[in-house]
Amino acid sequence: MSAVILRPGTIDDVETIHAAMLKLGTHIGAPEEIISTADDLRSWGFGEKPAFTTLIAEVDGEFAGLCLHFPIFSTWMGRPGVYVQDLYVEDRFRGRKIGERLLRRVAAECRKEGGVYLRLSVDTDNEGAKAFYERLGIAWSSYEQTQKIIGEAFFAFAEAPEHGEQQ
């Protein structure tokens, strides 16, 4: 069995990272939800102020998977952590603990920087991912629910006067 190499993603990996995001969207049955472009990832992940970091897994120099993440902070714990936005492993490399290795490396890097927790969300219909995370001890939180506002609703919300009334 070939060795799995983990390395930081670079700007040269942008097309591969974006292709993985498209495959992930298809895997969970929501390819239309992926509206980002490779240029978006290039600008926001590898520009002057990167919004995220990637960890790439390779087997014999071939892309096997990735973990896209960024720092977060818990005011309740008073400590930093890491948010895993996307974890993806190519189908042909599944079952080789690549996803687990990616998550453990991201957690270790976070810990080295003083972090004390890892957070992620799982698509509600992705039973395989839920079971995978539970097996690793990354438990479902019974007291939290993710909320979001996107697109035009977000823009209207952000541009409204602070007192909440429309002008």
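This is a predicted model: local features need pLDDT of at least 70, side-chain atom pairs count only at pLDDT 80 or more; totals for chains, interfaces and linings use all residues.
**Stop one: the main core**

Start by selecting Ala 57, Cys 67, Val 84, Leu 87, Ile 98, Leu 102 and Leu 103. These are the residues with the most contacts inside the largest nonpolar core, which has 20 residues. Now colour the elements that give two or more residues to this core: strand 1 (4-8), strand 2 (53-59), strand 3 (62-74), strand 4 (79-89), helix 3 (98-112) and helix 4 (127-135). Which of them gives the most? Helix 3 does, with five residues. As background, nonpolar side chains tend to be buried together in soluble globular proteins.

**Stop two: around Leu 87**

Centre the view on Leu 87 and show what surrounds it. Setting aside neighbours within four places in sequence, you will find Leu 87 in contact with Leu 24, Leu 66, Cys 67, Gly 99, Leu 102, Leu 103, Phe 132 and Tyr 133.

Next, select Val 14, Phe 52, Ile 56 and Leu 66. They are among the 13 residues of a second, separate core.

**Stop three: charged pairs**

Switch to the charged side chains, where the structure holds 13 salt bridges. Side chains of opposite charge can pair when their charged atoms come close.

Pick Asp 39 and Arg 42 to begin with. They form a salt bridge whose closest N and O atoms are 2.4 Å apart. Both sit in helix 2 (residues 38-46), and because they are three residues apart there, about one helical turn separates them. Arg 42 is partly exposed, at 25% relative accessibility.

Move on to Glu 100 and Lys 97, another salt bridge, with the closest N and O atoms 3.7 Å apart. Is Glu 100 buried or exposed? At 12% relative accessibility, Glu 100 counts as buried, while Lys 97 is partly exposed with a relative accessible area of 49%.

**Stop four: a link across the sequence**

Now select Arg 119 and Glu 144, whose side chains meet in a salt bridge at 3.0 Å, N to O. Arg 119 belongs to strand 5 (residues 118-120) and Glu 144 to the loop between helix 4 and helix 5 (151-159), so this pair ties together parts that are 25 residues apart in sequence. Arg 119 is partly exposed, with a relative accessible area of 36%, and Glu 144 also counts as partly exposed, at 38% relative accessibility.

Finish by showing Lys 23, Glu 62, Glu 90 and Arg 92 together: salt bridges that share partners join these residues into one network.

Conventions: Residues are numbered from 1 along each chain as its sequence is written. Side-chain values use heavy atoms; hydrogens and water are left out. A nonpolar core is a set of buried Ala, Val, Leu, Ile, Met, Phe, Trp, Tyr and Cys residues joined through side-chain atoms within 4.5 Å. Buried means under 20% relative accessible area, exposed over 50%, partly exposed in between (1.4 Å probe, protein chains only). Helices (H or I, at least four residues) and strands (E, at least two) are DSSP runs, numbered from the N terminus. Contact means heavy atoms within 4.5 Å. A salt bridge is a side-chain nitrogen of Lys or Arg within 4 Å of a carboxyl oxygen of Asp or Glu.
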